[in-house]
Amino acid sequence: MATVALKGITKNFGPAPVLNGIDLDIAEGEFLTLVGASGCGKSTLIRIIAGLEPQSAGSVMVNGAPIDHLRPHERRVAMVFQSYALYPHMTVAGNIGLPLTMQHLSLWERLPLIKLLSPRRRRVMAEIGAEVRAVASQLQIEALLGRRPAALSGGQRQRVALGRAMVRHPDVFLMDEPLSNLDAKLRVHMRTELAELHARLKTTFIYVTHDQVEAMTMSDRVAMMDAGHILQLGKPAELYARPANVRVAQFIGSPAINLLPARIGEDGAPEVLGCRLPMATGLPAGSSATVGIRPEAIAPADAGKPEAGQVSLPAVLRRAENLGAEFILHFDVAGLGDQPVLCRVPADHEHGTHGRTDLVFDAAQAHVFDAEGNRVEPSGLAQRASGKPVRLYLTGGTER
Amino acid sequence: MRAAQAKPAGAGRIVRLAGRLLGGVLVHGFLLAGAAFMLLPFVWMLVTSIKPPDEIFTATLSFWPKQFYGYENYSFALTSAPLLRFALNGVLICACILVVQLLVAIPCGYALAKLRFPGRQTLFVLTLLALAIPVQVPALPLYIALADLGLLNTYFAIMVPFFLSVFAIFLLRQFFKGFPDDIIQAARLDGMSEFEIVWRIVTPSAWPAIAAFAVFSIVAHWNDLYWPLIVISDVKLAPPPLGMMFFADAETGSNYGALTAAATILTAPLVVAFLFARRRFIDGITMTGVK
């Protein structure tokens, strides 16, 4: 178990910077996920921590001491690769045991034929064999120990790769998209297993993924990366509830957040499609902004319940996706062009077919981002007498 | 109505079938002719080796001998020339050359394919350039150097120019290029040195390429006459082709029956070895993209 600290990690491939001064503190036993679209630098960062890639500047510290001068295997980190990276000509037992033979046998004890001269080799190999079997039983792959990787399924290879990492009892586990090559069902299952493994081992995990669901479900904290920067670092719930940047808002949450173009009015309140949100943003009047509303925060209005602040805007149901427990409704809203507004509603919701309707959301649930895409904390949300925030309606107009 | 439609369709099928048959006959006839053209010298060698001397020099061309003279030819060849010695020389020379070539070329190919260091591209270009230099070009300086060192007439002199095989470096570099980087990085994390990665992780996956190269190398050096002729004058050290030459000069003169018998004996190991390694050979060539 160990703390990991990154201080100003910078990486350039040629003139183009891939990482721009990454600072990150990871607590002991924490499950930290680096999430972002491909090419954001997250894999490069994890390879720098592993020592497989030298950084251009900055320092990696484990337990407060820099480890930049150490070679990969001296860093007491273990890595699980997306491709599993198993040694193709070795059995499962050979794959899992290899890190231990490297640790416990000297060079000449590993040479062909000459190794037979070593008196203690047999005893060490027996110990390693026992260790390998113990790890294999934890992962339920004892029956596979004699097979080669080519004879294993994707999920089994994944477990072997995990076993090879676990057998070293590392200070830090590094995982580079370990679930991306699995099919959807197995991925969901392995997600649970990995989370349980982390709970059992209580080792520091640094996990790289482009899948926001993996990031949200397994992590203690998530670092969302984009173009070599960390856009936001926080608990999964924080990233979801208070995205610091429009790109974080877009990335986290499924289906993706609805982003509506807005203008800041005279009093600093944003206006979305002609509808004023009753809040102060502090942004200069006339500047452009973006308002984000999660699909679960917006819904068709219940019929016959018009409230104050209605704006007449056409919203026409384009299509409804049935997900079993819920529906995803796609609405056309005038002024947004082809981009639909998505609503997530329970399965028992009566949404009719292709009719016009009103869309309603709480202003307090809206996320406001300035022209650069940074989050703006609104102030002075108009409160109603009941204490509930004002609800805004995007109301359906004449039928198309 | 139906019958009227079926008839032309049936006729069309017959025409198509006949066309395909004719195409097959043509292609196979062409290939068979090519194969016969390639095999004829070998067949002629085999036939000559069982003919008596007077039948070899008859004016009329006859394929099969009237009198079977194989035993006499082969026993003469085996008793009057140290053929076994020549064959063993060939085995020793080919094996040593191949082993050293692989010991050098595998790490070189790995470094050119997978390690990042300044000048790698330049070195690779130089490697490619070296492929274009025929063995005759450095022959003279090599001969002078070996003569000055007093190493002429040794096994070492036959082998030394071939220890560095640029072709092997190139072939293996192409093969290693396709080896997954992740596995190499996993091995580094597991504590392997680069040398161990080369020999314990990468080489076991390169067997097809190594087998293909081994065939090229063994064939080339088993059959090499040019260089042994320059550096060897001792009959005891001669590899097969040079031994054949000594045999033809000294003992047999124009005894072509015995000569072809000796040639058959010295070619046979190579043919047998190739037949065994054929699958590997073809795999290796298709996998490395050297066609």
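**Basis of the description**

Helix axes are lines fitted to C-alpha atoms over the stretch in contact, and angles run from 0 to 180 degrees between N-to-C directions. Helices (H or I, at least four residues) and strands (E, at least two) are DSSP runs, numbered from the N terminus.

This is a predicted model, in which local features need pLDDT of at least 70 and side-chain atom pairs count only at pLDDT 80 or more, while totals for chains, interfaces and linings use all residues. Residues are numbered from 1 along each chain as its sequence is written, and chains are lettered from A and ligands numbered from 1 in the order in which they are written.

**Helix packing in chain B**

Helix α5 (residues 120-131) of chain B packs against helix α8 (residues 166-177) of chain B at an angle of about 130°, the axes being 9 Å apart.

From α5(B), Thr127(B), Leu128(B), Ala130(B) and Leu131(B) meet Val166(B), Phe167(B), Ile169(B) and Phe170(B) of α8(B) (contact: C-beta atoms, placed from the backbone, within 7 Å). Seven of the residues in this contact of α5(B) with α8(B) are nonpolar, one is polar and none is charged (nonpolar: Ala, Val, Leu, Ile, Met, Phe, Trp, Tyr, Cys and Pro; charged: Asp, Glu, Lys and Arg; polar: the others, Gly among them).

**Contact between chains A and B**

Chain A contributes 16 residues to the contact and chain B 13 residues. On the side of chain A that touches chain B, β6 (77-80) and α2 (92-104) of chain A each supply at least two residues. The largest share, four residues, comes from α2(A). By class, this side of chain A has twelve nonpolar, four polar and no charged residues.

**Domains of chain A**

An automatic or database assignment gives chain A domain 1 (4-241) and domain 2 (258-395). The C-alpha centres of domain 1 of chain A and domain 2 of chain A are 42 Å apart.

Note on methods: Two residues are in contact if their C-beta atoms, placed from the backbone, lie within 7 Å.
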